[in-house]
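Have a look at the sequence and the fold, then read on.

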Amino acid sequence: MALEKHIEKVLFSDEVIAHRVNQLGIDITSDFSGDSEETPIFVGVATGACLFLADLVRRIDLPIAIDFIRAESYGSGTVSSGVPRVSFDLKLDITNKHVVLVEDIVDTGNTLSCLIEHMKAKKASSVSVCTLLDKPSRRKVHYKLVGKGKFYSGFECPDEFVVGYGMDFAEQYRNLSYIGVLKPEYYM
């Protein structure tokens, strides 16, 4: 069965996503251009942000480094457990470095807050966040960026269960080129 039949509606087409990711790359490049001594480290939050990270960093016109971290709070469900944990840590030393956490979606803020604190404990000089989707209506934890960190958001997302462009339900649908709302019968 084709995956498209599982999608209730498309929220953001691949063309709209590409345009916005390009703009985010321009904004981040501009913001970090004055810091020629500091190479920012882009940290992708695995696995959901993998496609977004790949497209984003190709639009950054600066020397950068890339690493990954894994934080788990969903398992195979649709609702965060509220207790995220780092299950795969960084390979690179981020001491006194600018870190840009790249997320697929910021929902309750629990995972993001945990990751920012983790970067702070590893002595990052600043922590910025670049998320493709932001669901401020679901925010429970208000995180605090580190140093001169900034918050970059691709799109504000309605309170619906979305998949595609790296985001999943039970490890399915990541390969969709767009972001769509999953029909409830496929996750309930």
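## Strands, a helix and a ring cluster

Strands β2 (residues 41-46) and β3 (residues 65-72) run parallel to each other, joined by 6 bridges. Two strands count as paired here if DSSP finds at least two bridges between them, and the element names are DSSP runs numbered from the N terminus: helices are H or I with at least four residues, strands are E with at least two. Keep in mind that this is a predicted model: local features need pLDDT of at least 70 and side-chain atom pairs count only at pLDDT 80 or more, while totals for chains, interfaces and linings use all residues. Residues are numbered from 1 along each chain as its sequence is written, and side-chain values use heavy atoms, with hydrogens and water left out.

**How confident is the model?**

- The protein chain averages a pLDDT of 91, and 93% of the residues score at least 70; pLDDT is the predictor's confidence in each residue, from 0 to 100.

- Ile41 stands opposite Ala65 in β3.
- To get from β2 to β3 the chain goes through α2, and this β-α-β crossover is right-handed (with the strands pointing away from the viewer, the path from the first strand over the helix to the second runs clockwise).
- β3 also pairs with β4, this time in the antiparallel sense over 3 bridges.
- Glu72 has Arg85 in β4 as its bridge partner.

**The open sheet**

- Another set of 3 strands forms an open, antiparallel sheet in the order β1-β9-β8.
- Its edge strands are β1 (7-12) and β8, each pairing on one side only.
- β1 and β9 run antiparallel and are joined by 4 bridges.
- Val10 has Gly180 in β9 as its bridge partner.

**Helix α1, side by side**

- Ile17, Val21, Leu24, Gly25, Ile28, Thr29 and Phe32 are buried in α1 (buried means under 20% relative accessible area, exposed over 50%, partly exposed in between, with a 1.4 Å probe and protein chains only).
- They cover an arc of only 130° around the axis, so they sit on the same side of α1; the arc is that of the directions from the helix axis to the C-beta atoms.
- Glu15 and His19, on the other side of α1, are exposed.

**The aromatic cluster**

- There are 5 aromatic pairs in the structure (rings of Phe, Tyr and Trp, the last by its six-membered ring, pair if their centres lie within 6.5 Å; planes under 30 degrees apart are stacked, over 60 edge-to-face and the rest tilted).
- Phe161 and Phe169 are edge-to-face, because their ring centres are 5.9 Å apart and their planes stand at 85°.
- Phe161 counts as buried at 16% relative accessibility, and Phe169 does at 14%.
- Phe161 also forms a tilted pair with Tyr187, 4.8 Å centre to centre with 35° between the planes.
- Tyr187 is partly exposed, at a relative accessible area of 22%.
- Ring pairs link Phe161, Phe169 and Tyr187 into a cluster.
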